Amino acid sequence: MANSRRGSAADKGILMSIRTHYCGELSAEHVGQTVTVAGWVDTRRVHSEHLAFVDVRDHTGVVQVVVDQKVDVRSEYVVAVTGLVRARPDGMINAELASGEIEIADTNVQILNEAEPPPFPMHDRNEVDENIRLRHRYVDLRRSKMQRNLRARAKVNSAIRGAMERQGFCEIETPMLIASTPEGARDFVVPSRLNPGDFYALPQSPQLFKQLTMVGGMDRYYQIARCLRDEDLRADRQFEFMQLDAEASFVDQEDVFEFISEAVADATEAVTGERPTDIPTMTWHEAQERFGSDKPDTRFGMELNDITDLFAETESNVFKTPVVKGIRMPGGADSLGRNAIDDLTDKAKRWGAKGLAWFRVRDEGLEGALTKFMSEAEISGVQERLEAESGDMVFLIADDRRVANKVLGLLRLELGKPPVNEGGFNFLWITDFPLFEAVVDGNPIPAHHPFTMPHADDIEMLTTATGDEWLDIRSQAYDLTLNGWELGSGSIRIFQRDVQAQIFELLGIGPDEQQAKFGFLLDAFRFGAPPHGGFAFGIDRLTALLVGEENIREVIAFPKTQSGSDPLTNAPSPIDPSQLDELGLRVVPRAD
RNA sequence: GGUCCCGUGGUGAAGUCAGGAGUUCACGCCGCCCUGUCAAGGCGGAGGUCGCGAGUUCAAAUCUCGUCGGGACCGCCA
C-alpha cells in the first residue's frame, strides 16, 4: 500500500514523504535516528547558502532543522524534512524549546507546497484584529493558542461523553428541523419546499424531545447538542452553541447534581489536570443577598451587607427606604478619584438606583457628601458593620431589596472582578430558583418553562398566594455557575397532570394554547410519564473558562461576529431567486 | 432598538484632544552580505485612497455630519 501511495504521488511530480515523527516529540532519546518530520516553516535564521536554521512546526511543536545547502523555504511553506537527529553542540541548547537539546542535520528538505506570506504574524506577541483573524481563520487555527483551545475543547467533549456513558446515559440524537414554538428565544427558521409557506424551526434546545425520551423509557438520555437562538450576540453568546443536554428518570435534584458534577469534574480534570472537589450549593435567595446575582462570582469577597436596621430612626431622606445595603472596597479610598466615583454613580443610576452613597474611610472616620445628614451612630455603625478600615471605600444603596441587591451586585463586579484566568475554578450550584420572576397585573410570570416542578414545600402556596407572594414560591430549578458565568440550568419536571393543569391555569395558558404550544408533550404525558429531571450546560462557556478565555469565539473554530456574519464565508448572503421561487418566498424590499 | 470604544503600508502601534507636505517606531516583505542561529545579524529597498462619503477650512488622518465594518455592554437570551 505504502509503495503504491508513493508511486501515485511521484507520478504527479510530488515527492511524498511519510512522516516518522512529530516535531514536538523529538528529544535526546532520538539521537542517531534518521527521521522525517512534516509541517510548516516557522521561523528561519538564514546565514548563507552554507548554513540556515529552519524551525519546522506541526501541531505538537517545533524542531530545529539545520540546512547546509541553498533551499528557498519561506514562512509557512509546507515541507517534509528527512535527516539525522543529533545532539546540539555545547552551548547551543535552547532551554525554551521542548526539542531544544537536539536538531535535525544532514537534511533533505522537500517543499510540498509554497505559501504566500501569512496575513498576520503567526506568533502571539501582539493581538491581531479579530476580523482579520476570522477572515483567514484557517491560518489563525495554526497558531498555538487556537490549537490549544480547540484541542482542549475536544478533551472536554470526550471527557463528558466518557462520564455520561459510565453513568449509564444513552446518547440519543434529536432532530434539527422541528416545529416552531413561540416560547422563549427567537427561532431560526427554515422554509419547507414541500409545503410552501410552512416553516421548520431549528431547536433552541432539545428540551421537549428529551422529555419525550423519558416517556419513551430511555431512562437516562444525553446528547452533546447544537442549540440555535436568533438573539443578539455577546462575548459569551453565539447563534449556535453546544450543550451537554441530559435527562434522567426516577431522579431527584441531588441525583442530577451528582451526574452533572461528575461530567464537569471530568472535563475540568481533562483540561487542567486538577479535579474540582465537591461542588457547593447555595440557594438563589442567599446568592442574591450576599452577591446580588444569581450567578455569583465567589472568587473574591466584597459581599453585600444588609444594614437596614442602622437607619431605622434616620433623619436622612436618602436612607428612609425598605432596604439599605453596602459593600466595602478595600483600599478604594485612595484608588478611586472623583471622576471614577462619578462614573460609578452614573452606572448605578443606569442599573436602576436612585443614586450611589459613597464614603472614604479615614482614620478620623467616614468622609462623604452624605455624612452631614447622618447621625454619629449611623456613621460609626456603617463603618463597624462593613468592617471598614482606613483607606477603604464604602458604597451604600438605599432602595427596595431587589434594586439594592442588583445594583450592588453589579458594582461589586465592576470594582473587584478578577481576570478570567485567576482564582481557580469555583463551580457552584444555585438552588431553589423562584418559580415566577414577576407579577404583572396580578398574574405571575414564569421564570423558566412551564414544566418546572414547584418546590415540594411551596406547592400549597400555589393556591393561596396573592400579589408579590407569588415571588416567594420556589421551584426545583437550579443553575450551575462557574466564576460568575452561568454554565447551565435544569429542573425537576412536572409529570403529574393535575399539577401541570394548575400551573397552566396560573399562567393563564388556556387549553387551546396548551395544545398549540406543547400538544405533543402533553399528549405523551397521558401515556405514563415517569418522574424525571435534567440539566444542560454550555460547552463553549465551560471550555472558554477552563482555558482562560473571556470570549467563547476563542474556543469555536468558525464563529460569527457580533453582527452575526462570518468574514470567512461571507454568510449570511442573498440566495438565488429560483431558490426563493421554489420555496414560495418573496423578499420584501427594505424600507429605508 | 439603545449607549460606549476602535478603524493609519501585510501586522501591531504612535500621530487625532490643540488642522499645516503620508511623518514615526517595532515586526513582516523583497534584494545583497554572512558557516551556529533560535524573535539571528549587517546593509539597502519596496509597500498608503489614514474604512467610505459629504461638509467646514487657504489647508483635514486630525474638526462636524452621515455611512460601513469590528468590539464591549443594555434591551433581548422561557
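Visitor: What makes the approach of Arg125 to a base nitrogen of RNA strand B a polar contact?
Guide: A polar contact is a pair of N or O atoms within 3.5 Å; within protein, one must be able to donate a hydrogen and the other to accept it, and residues adjacent in sequence count only if both atoms are side-chain atoms. A polar side-chain atom of Arg125 lies 2.8 Å from that base nitrogen, so the pair qualifies. This is a predicted model, where local features need pLDDT of at least 70, side-chain atom pairs count only at pLDDT 80 or more, and totals for chains, interfaces and linings use all residues. Residues are numbered from 1 along each chain as written, chains are lettered from A and ligands numbered from 1 in written order, and side-chain values use heavy atoms, without hydrogens and water.

Visitor: Which atoms lie by the phosphate oxygens of RNA strand B?
Guide: A polar backbone atom of Asp129 is 2.7 Å from one phosphate oxygen. An N or O atom in the side chain of Arg229 is 3.3 Å from a phosphate oxygen.

Visitor: Why are E11 and E17 called paired?
Guide: Strands are DSSP runs of E, at least two residues long, numbered from the N terminus. Two strands pair if DSSP finds at least two bridges between them. Three bridges join E11 to E17, so they pair. They run parallel. Thr281 has Trp429 in E17 as its bridge partner.

Terms used: Helix = DSSP H or I, 4+ residues; strand = E, 2+ residues; numbered from the N terminus.
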